[in-house]
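Please read them with the sequence and the coordinates open.

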Amino acid sequence: MIFITAKFQVLPEHADRWPEIAGEFTRATRAEPGCLWFDWSRSLDDPTEYVLVEAFRDDEAGAAHVRSAHFRAAQEKLPPHLARTPRIVNTTVDQEGWSELGEMAVE
């Protein structure tokens, strides 16, 4: 799978509304057949930073995502709300989903 983590530094005046601002893009991406997950979290240390953790089934699914109409729309809609260009880690992982964290197993 393709595993991606991206950090979005949102302008302070838009930070509380970011889930709404990115909502249409989020819903459309989650509906893609090759999307495994697409989850936002807000930093505990910086209320203007959101972290996006996303995964796609394979290279084909990732490419379909980047070619989608909703991705192109997000390229226009989201940047005006950002303080800087998002930072990203993008890698291919040889698994199909989440593994359990054995060191913190729950009985």
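What percentage of the 107 residues in the protein chain do buried residues make up?

1. Basis. This is a predicted model, in which local features need pLDDT of at least 70 and side-chain atom pairs count only at pLDDT 80 or more, while totals for chains, interfaces and linings use all residues. Residues are numbered from 1 along each chain as its sequence is written, and side-chain values use heavy atoms, with hydrogens and water left out.

2. Burial and surface. Buried residues account for 36% of the 107 residues in the chain. Buried means under 20% relative accessible area, exposed means over 50%, and partly exposed lies in between (1.4 Å probe, protein chains only). The accessible surface is about 7,200 Å², and 54% of it belongs to carbon and sulfur atoms. These areas come from the Shrake-Rupley method with a 1.4 Å probe, and for residues only the protein chains shown count as cover.

3. Layout. The chain has four helices and four strands, in the order β-α-α-β-β-α-α-β along the sequence. Helices (H or I, at least four residues) and strands (E, at least two) are DSSP runs, numbered from the N terminus. Taken along the principal axes, the C-alpha atoms fill a box of roughly 40 × 35 × 20 Å. Of the contacts with a separation of 6 or more, 73% involve residues 24 or more positions apart; contact means heavy atoms within 4.5 Å.

4. Strand pairing. Two strands pair if DSSP finds at least two bridges between them. E1 pairs with E3 in the antiparallel sense over eight bridges, and alanine 6 has leucine 52 in E3 as its bridge partner. E1 also pairs with E4, again antiparallel, over six bridges. Threonine 5 is bridged to valine 89 in E4, and lysine 7 stands opposite arginine 87 in E4. E4 lies largely in the open, because the number buried among its six residues is zero.

5. Largest pocket. Its volume is about 420 Å³. Of the 20 lining residues, Phe8, Phe25, Glu54, Phe71 and Ile88 are the closest to the centre. On a 1 Å grid over the protein atoms alone, a pocket is an open set of points with protein on both sides within 12 Å along at least five of seven lines, and lining residues have an atom within 4 Å of a point. Grid points are joined across faces, edges and corners, and the volume is the space filled by probe spheres set on the points.

6. Pocket lining. Strand E1 (2-9), strand E3 (49-56), helix H3 (59-67), helix H4 (69-77) and strand E4 (87-92) each supply at least two lining residues. E1 gives the most, with four. By type, the lining divides into 15 nonpolar, four polar and one charged. Here Ala, Val, Leu, Ile, Met, Phe, Trp, Tyr, Cys and Pro count as nonpolar, Asp, Glu, Lys and Arg as charged, and the others, Gly among them, as polar.

7. Threonine 29 is in helix H2 (residues 23-30) and counts as buried at 0% relative accessibility. Leaving out residues up to four places away in sequence, threonine 29 touches Cys35, Phe38, Phe56, His65 and His70. Leucine 36 is in strand E2 (residues 35-42) and is partly exposed, with a relative accessible area of 35%. With the same exclusion, leucine 36 touches Met1, Ala55, Phe56, Arg57 and Glu96.

Methods: On a 1 Å grid over the protein atoms alone, a cavity is a set of points where a 1.4 Å probe fits but cannot get out, and a pocket is an open set with protein on both sides within 12 Å along at least five of seven lines; lining residues have an atom within 4 Å of a point.
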